[in-house]
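Subject: Handing over the model, with notes

Dear colleague,

I am passing on the structure we spoke about, together with some notes on what turned up when I went through it. Please look it over before reading on.

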Amino acid sequence: MSVDKFLTEKNINVRAMKSKMADIWRPARGINIKEIKTGLFLFQFYHKDDMQWVVKGGPWSFDGAILVFNTVGNGEDPTKVLLNEVEFWIQIYDLPVGYMSESIGKQLGNFFGTFVQYDSSNNKSIWREFMRIRIKVDVRRPLKRKKKICKKDKSDVIVHCKYEKLGDLCFVCGLLTHTERFCSKRSTAESESVNKEWGSWLRAPPRRAGGSSRSKWLREEDDGDWGNKIDGGTNNEKFSGFQKSDLVQRRDNSNQESAFFSFDGADTNNSEMAKLAMQASQSK
Ligand SMILES: [Zn+2]
């Protein structure tokens with residue numbers, strides 16, 4: 001079970017959101033979504049694998065608003081679960097040659113947020129366009145954008161960070177909780193010429209662009225999760241708030257899951273473990 005909220009000042013169309021999330025996630029055992037108070041939702045999954053897939057595949061968003069979620073244990077009050085952290089894959093650019101290593105990835109991850117995972121399939125060569133790591137971001141703090149690194153030869157270099165699947169954020173204060181229109185800093189400023197230190201450039205480009213004419217059987221060095229690409233992305237369907245790659249990934253995954261379930265036998269006792277909760281902050 002998880003509690004979840006969307007970081008937005010807009011009102012969420014609850015019915016549309018429920019259908020959209022269920023369609024995107026396609027949990028093999030189904031999902032139940034309840035609004036337990038305004039903007040705070042309880043998502044109940046009926047198998048722990050379904051929930052794990054959602055937890056690991058995040059961040060998720062609806063209509064540009066990022067979903068913040070946390071799991072809820074048995075007997076826990078979902079309204080008291082803290083909802084302050086979102087996991088992101090980030091891409092770090094302008095890293096000097098020779099700095100692609102897990103230990104550097106950890107240090108950078110703990111600077112930009114809290115380090116979670118090193119993507120060794122992306123980061124396997126000595127030189128890459130970017131290093132890819134997964135971090136936890138505290139949504140109460142502005143997003144970090146860059147870091148100065150002091151090299152062994154004492155010269156400095158600045159590395160830049162881009163966030164995958166980044167939804168709306170405020171370009172004035174760098175927070176994910178609102179957009180500029182609703183920014184308190186901006187409304188206290190006299191004119192519209194507020195200095196914006198954040199921008200859409202923080203959004204990482206999609207990793208697997210659709211419409212590629214390359215054979216699906218041809219592998220490139222960076223095809224870490226090649227299997228997900230099969231069946232992938234040649235049409236340009238638009239799904240508001242979601243990236244096509246999520247859907248492709250989900251489709252492949254659900255095949256695996258149904259195969260797994262048919263061998264596994266019904267394991268309905270796991271439904272408690274597989275409940276998860278979310279919350280939206282538009283009430284603030
Ligand atoms: Zn703001």
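The notes below go from the overall picture to the sheet, the helices and a few backbone details.

Please keep in mind throughout that this is a predicted model. The average pLDDT of the protein is 74, and 69% of the residues score at least 70. Over residues 209–213 the pLDDT is below 50, and this stretch has six contacts in the model beyond near neighbours in sequence. The pLDDT also stays under 50 over residues 226–284, although the model has 119 contacts beyond four places in sequence for them, and I would ask you to read those contacts together with that score.

As for the overall make-up, the protein has five helices and eleven strands, and of its 284 residues 31% are buried.

Five strands form an open sheet, in the order β7-β8-β6-β10-β9, and their pairing is antiparallel. Because β7 and β9 stand at the edges with a single partner strand each, one side of each is left without a neighbour in the sheet. From one strand to the next, the twist averages 35°. Going through the pairs, β6 is joined to β8 by nine bridges, with Val137 in β8 as the bridge partner of Val86, while four bridges join β6 to β10, where Ile92 stands opposite Cys161 of β10. Between β9 and β10 there are five bridges, again in the antiparallel sense, and here Ile149 has Val157 in β10 as its bridge partner. The hairpin of β9 and β10 has five residues between the strands, and in it Lys154 takes a positive phi near 75°.

Helix α1, residues 14–25, has twelve residues and reaches 16 Å from its first C-alpha to its last, which is close to the 16 Å expected at 1.5 Å a residue. Met17, Met21 and Trp25 are its buried residues, and they lie on the same side of α1 because the arc they cover around the axis is only 45°. An α-helix has 3.6 residues a turn, so residues three or four places apart point the same way. The face of α1 turned away from the buried side carries the exposed residues Arg15, Ala16, Ser19 and Asp23. After α1 comes Arg26, whose phi is positive, near 45°.

Some further backbone details may be worth a look on your side. Most residues other than glycine have a negative phi, and most peptide bonds are trans. Against that background, the peptide bond from Gly58 to Pro59 is cis, with omega near 5°, and Pro59 lies in the loop between α2 (48–57) and β4 (61–62). Asp63, in the loop between β4 and β5 (65–71), has a positive phi near 55°, and this residue is partly exposed, with 17 other C-beta atoms within 10 Å. Asp94, in the loop between β6 and α3, likewise has a positive phi, near 70°, and counts as partly exposed with 14 C-beta neighbours inside 10 Å.

Finally, there is Arg145, which lies in the loop between β8 and β9. Arg145 has 18 C-beta neighbours inside 10 Å and therefore counts as partly exposed. Leaving aside residues up to four places away in sequence, Arg145 touches His160, Cys161, Trp198 and Leu202. Arg145 and Gly199 are 54 residues apart in sequence, while their C-alpha atoms are 10.0 Å apart in space.

Conventions. Residues are numbered from 1 along each chain as its sequence is written. This is a predicted model: local features need pLDDT of at least 70, side-chain atom pairs count only at pLDDT 80 or more; totals for chains, interfaces and linings use all residues. Helices (H or I, at least four residues) and strands (E, at least two) are DSSP runs, numbered from the N terminus. A residue is buried if 20 or more other C-beta atoms lie within 10 Å of its own, exposed if 12 or fewer, and partly exposed in between; C-beta atoms are placed from the backbone. Two strands pair if DSSP finds at least two bridges between them. Axes are lines fitted to C-alpha atoms, for helices over the stretch in contact, and angles run from 0 to 180 degrees between N-to-C directions. The expected span of a helix is 1.5 Å times one less than its number of residues. The arc is that of the directions from the helix axis to the C-beta atoms. Two residues are in contact if their C-beta atoms, placed from the backbone, lie within 7 Å. pLDDT is the predictor's confidence in each residue, from 0 to 100.
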